[in-house]
Amino acid sequence: MSQLDDLKTAIKSRLGELECVIGWEQGYDPLHATPLFIRSEADLDRLIIGPLAVHNLATYLTGYKGKKVGVVVKGCDSKSVVQLLNEKLINRDDVVIFGLCCDGVVSQRKIRAALPADPGFVESVEIGGDGMTVTVAGQAATLKFADVQADKCRICTTPDAIVSDVLVGTAHTPAPAASLACQDEFEAKSDAEKLEFWQETMSRCIRCYACRNACPMCVCRDYCIATSRDPLWLSQDNTPAENMMFQMVHVSHLAGRCTECGECERACPVDIPLMLLRRFMNKQVKDVFEHQAGAALEQTPPLLTFKVEEERINERGW
Amino acid sequence: MERFITKENLTRLAEELVATCRVLAPVAGGGSVTFRRFQPGMTIDLHTRMAAVSPKAATFPQTETLLVVKREGEEKKPELIETLPQGKSVVIGCRPCGARGKLIFDPVYETEKIKDPYYLQRRQNTVFISLACDRPETTCFCHSVGSGPADPDGSDVLLTLVGEGYVARSVTPAGEEILKLALFTDAGDKGKEADAKNAKAREMMGEGHDYAGAPAKLLARFDDMDFWQAQSAKCISCGACTYMCPTCYCFNITDDDLGLNSRRIRTWDNCMSHTFTLEGSGHNPRSTKAHRLKNRVGHKFSYYPDLHKGVIACCGCGRCIKQCPAGIDIRQIVKAAQEYSE
């Protein structure tokens with residue numbers, strides 16, 4: 001049986017005890033998937049998995065507090081579930097985790113750059129082997145997954161769900177940790193160059209908060225300080241400085257919590273490379289606290305606890 | 001009036017207009033195409049794709065300063081300074097759907113009782129030079145909401161790509177003034193080619209969906225929260241749909257206190273946000289995302305048409321579909337309400 005068949009069988013056997021199971025289905029065109037909330041066996045027929053199933057469905061879990069739901073997770077998504085559990089934002093008993101052994105997902109931005117015409121003109125998509133054939137505006141293009149996969153997949157060390165009730169698919173041998181060339185290149189820039197880059201980039205930001213709301217760890221949602229009126233912490237003016245300020249608030253609140261699922265960057269409608277900030281912050285947290293969010297159950301995030309003397313913070317020696 | 005302008009001359013037009021106007025044009029940067037304030041040296045990107053954000057900022061900027069207050073010590077009375085928008089603007093290279101968005105704004109911001117001076121000032125002083133679309137995207141549905149890929153309504157000039165330039169047709173007197181500039185030349189018989197291209201683009205869209213009866217069908221689902229919970233399950237309550245939308249016109253007003261000076265600003269607001277209807281008492285009549293999505297869809301396809309001669313408050317650009325992080329399709333929601341049977 002295929003991985004999808006195994007998954008459907010597993011979901012079918014648990015569906016009766018669950019409010020719903022969150023998976024993916026085909027979206028508005030052949031190139032896009034969309035989240036699917038499975039409540040009946042008829043819904044289950046629409047379930048898909050594969051390289052277009054990009055959404056991290058763990059984002060929805062805190063919205064079902066007090067109800068028992070199922071969720072389908074890729075390796076990266078499972079780290080968000082782990083982090084939510086570690087922060088006691090969800091109860092383990094309230095979630096049934098259908099884990100996938102994942103072969104990676106695509107970056108819609110890379111697909112857009114690789115196609116001969118805008119992906120909005122897509123006519124058909126055939127997925128198979130090590131790539132996909134996409135027909136846009138009458139022209140067929142063959143794309144290799146290696147060329148259009150999401151950045152996070154390039155450096156993934158956990159392709160298989162690290163926590164699950166049911167794990168489907170063939171297990172992978174995890175790759176060793178690596179860094180991304182784009183991150184290294186960015187960090188090699190001077191402070192002045194970085195400032196110029198963010199001023200230019202943040203002039204595109206429209207403060208729609210898609211980055212915040214797509215984030216599985218951004219659980220304040222309706223009560224975010226970015227939109228608080230009293231006190232008015234942030235101006236609603238959309239200058240690059242205010243926009244950057246919001247991103248700084250966002251990234252600071254994710255210190256030690258961000259699992260690098262990349263949803264913020266994927267959700268951004270104006271292609272702001274937000275993961276540059278996330279990965280930088282995560283590197284600091286790793287250097288100082290030896291902590292990686294979502295890496296294992298029963299970890300306490302460093303900023304949710306307290307030590308009188310931190311081993312790597314020199315507080316009195318200077 | 002019908003004229004012709006080469007691609008190079010369109011850029012030159014933007015460069016010339018900069019001297020007297022604020023010029024907004026789609027410019028690529030960081031992988032995204034957005035409307036920028038054009039400066040000589042920039043490359044206008046008309047054909048890579050439709051700009052991610054609509055051109056509504058030309059008449060309804062994301063931040064509008066409503067007034068400025070200046071204080072000089074305790075004794076003197078604070079000075080109130082009016083800040084009505086000054087100068088003229090030209091939008092070059094929006095699509096007909098984007099230009100049409102402001103037709104939805106007009107009956108709201110200019111009524112017998114209320115006239116919004118900030119909006120009207122910009123509206124009167126902004127010229128839209130639109131580019132007709134030659135191929136529909138999977139998310140396009142302008143033809144279902146009373147428009148089409150070469151719809152002139154809302155534009156002042158309509159361009160159609162023919163060979164290495166554009167056939168330019170004036171729609172309004174302001175558009176005609178622009179076409180009198182020397183950069184435009186005689187169109188010869190290129191007009192026929194433009195007509196053929198526009199007809200082909202329309203034909204490619206096929207038959208539109210019929211939204212007749214949608215207002216009543218949506219109202220019939222008003223109290224059916226099970227329906228709206230199912231429709232909104234994947235919504236993440238961000239504002240991408242509303243901020244991208246050419247027809248969403250809601251705003252927020254806040255005071256920015258800057259020491260002795262302060263500023264009252266009006267900024268885009270969005271009905272997907274919890275704070276949109278949060279009342280001073282703490283009560284929120286739209287407490288869940290289901291209530292909020294119901295409002296967004298209902299407003300566009302039911303309440304607005306009921307108030308404004310049946311006009312649907314949507315221009316079918318599809319931005320809310322393709323830019324939604326969760327892939328919510330507003331067409332499917334309205335259809336589900338239309339097809340709903342008890």
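**Figure 1. Helix H7 of chain B packs against helices H9 and H11 of chain B.** In this predicted model, the buried residues of H7(B) pack against helix H9 (289–307) and helix H11 (330–339) of chain B. H7(B) covers residues 225–232, and its buried residues are B:Trp228, B:Gln231 and B:Ser232. Viewed down the axis of H7(B), these buried residues fall within an arc of 85°, so they line one face of the helix. An α-helix has 3.6 residues a turn, so residues three or four places apart point the same way.

**Figure 2. Chain A meets chain B.** The contact draws 36 residues from chain A and 38 residues from chain B. On chain A, strand E2 (33–38), helix H9 (210–214) and helix H11 (263–267) each supply at least two residues of the side that touches chain B. That side of chain A divides into 15 nonpolar, 12 polar and 9 charged residues.

**Figure 3. Strands E1 and E2 of chain A form a hairpin.** Between E1(A) and E2(A) lie 6 residues. A:Ile22 stands opposite A:Phe37 of E2(A). E2(A) is mostly covered, with 5 of its 6 residues buried.

**Figure 4. Three strands of chain A make an open sheet.** The 3 strands follow the order E5-E6-E7, and their pairing is antiparallel. Strand E5 (122–128) and strand E7 (139–144) stand at the edges. Each has a single partner strand, so one side of each is left without a neighbour in the sheet. From one strand to the next, the twist averages 15°. Strand E6 (residues 131–136) pairs with E7(A) over 6 bridges, in the antiparallel sense. A:Val136 stands opposite A:Gln139 in E7(A). Strands of a sheet pair through backbone hydrogen bonds, either parallel or antiparallel.

**Figure 5. Helices H8 and H10 of chain A pack together.** H8(A) holds residues 191–202, and H10(A) holds residues 240–253. They pack at an angle of about 100°, with their axes 8 Å apart. That makes H8(A) roughly perpendicular to H10(A). H8(A) makes the contact through A:Trp198, A:Gln199 and A:Met202. H10(A) makes it through A:Pro240, A:Asn243 and A:Met244. By class, this contact has 4 nonpolar, 2 polar and no charged residues.

**Figure 6. A:Val168 sits in strand E8 of chain A.** This strand covers residues 166–168. A:Val168 has 24 C-beta neighbours inside 10 Å, so it counts as buried; the cut-off is 20 or more. Leaving aside neighbours within four places in sequence, A:Val168 is in contact with A:Gln3, A:Asp6, A:Leu7, A:Ala10 and A:Leu100. A:Pro302 is 134 residues away from A:Val168 in sequence. In space, the two are 32 Å apart, C-alpha to C-alpha.

**Figure 7. A:Tyr209 and A:Glu260 have positive phi angles****.** Most residues other than glycine have a negative phi. A:Tyr209 is not a glycine, yet its phi is about 65°. A:Tyr209 lies in the loop between H8 and H9 of chain A. With 26 other C-beta atoms within 10 Å, A:Tyr209 is buried. A:Glu260 is not a glycine either, and its phi is about 60°. The place of A:Glu260 is the loop between H10 and H11 of chain A. A:Glu260 is buried, with 22 other C-beta atoms within 10 Å.

Note on methods. Residues numbered from 1 in each chain as written. Chains lettered and ligands numbered in written order. Predicted model: local features only at pLDDT ≥ 70, side-chain atom pairs only at ≥ 80, totals over all residues. Contact = placed C-beta atoms within 7 Å. Helix = DSSP H or I, 4+ residues; strand = E, 2+ residues; numbered from the N terminus. Nonpolar A, V, L, I, M, F, W, Y, C, P; charged D, E, K, R; others polar. Buried ≥ 20, exposed ≤ 12 C-beta atoms within 10 Å, placed from the backbone. Arc of directions from axis to C-beta. Pairing = 2+ DSSP bridges. Axes fitted to C-alpha atoms, helices over the stretch in contact; angles between N-to-C directions. Parallel < 35°, antiparallel > 145°, perpendicular 65-115°, else oblique.
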